[in-house]
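I opened the model to look up its fold, its surface and a few single residues. My entries are below.

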Amino acid sequence: MHYCNLMSFVDGAMNSEEEKRFHLQRGCQVQNISNSYEISVPTMTLTGIFDKYGVKNIDLFSVKFSPVKSKIITGVSKTEMIESKFQKFLASQAD
């Protein structure tokens with residue numbers, strides 16, 4: 001994770017190294033902080049969470065982080081758990 005207070009992000013959230021550097025630089029400038037840094041945080045895929053907690057179906061799934069929404073949704077390998085209508089709805093929200 002690239003920590004920059006309120007403008008922190010995880011690897012893969014930015015499209016390029018240039019975008020990542022600009023975001024971090026701008027984040028430090030706007031928040032008046034001297035620097036950003038990287039930290040390691042434990043993570044788990046949605047599929048991993050579903051497996052761990054025995055999720056069999058999903059009635060509602062909402063993601064508030066628009067730039068990475070499509071990456072989150074396409075990262076779910078157990079899409080059979082999501083009904084086809086709901087899956088189409090999620091896909092339309094990723095655009």
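The entries run from the whole chain to single residues.

Ground rules. I am working on a predicted model, in which local features need pLDDT of at least 70, side-chain atom pairs count only at pLDDT 80 or more, and totals for chains, interfaces and linings use all residues. Residues are numbered from 1 along each chain as its sequence is written, and side-chain values use heavy atoms, with hydrogens and water left out.

Fold. I find four helices and two strands, where helices (H or I, at least four residues) and strands (E, at least two) are DSSP runs numbered from the N terminus. Along the sequence I read the pattern β-α-β-α-α-α.

Burial. I looked up the 95 residues of the chain, and 24% count as buried; buried means under 20% relative accessible area, exposed over 50%, partly exposed in between (1.4 Å probe, protein chains only).

Contacts. I took contact as heavy atoms within 4.5 Å. Among contacts between residues at least 6 apart in sequence, 55% join residues at least 24 apart.

Lys20. I located Lys20 in helix H1 (residues 17-31). Lys20 counts as buried because its relative accessibility is 15%. Leaving aside residues up to four places away in sequence, I see Lys20 touch His2, Phe9, Asp11 and Met14.

Val41. I placed Val41 in the loop between strand E2 (37-38) and helix H2 (46-53). Its relative accessibility is 39%, so Val41 counts as partly exposed.
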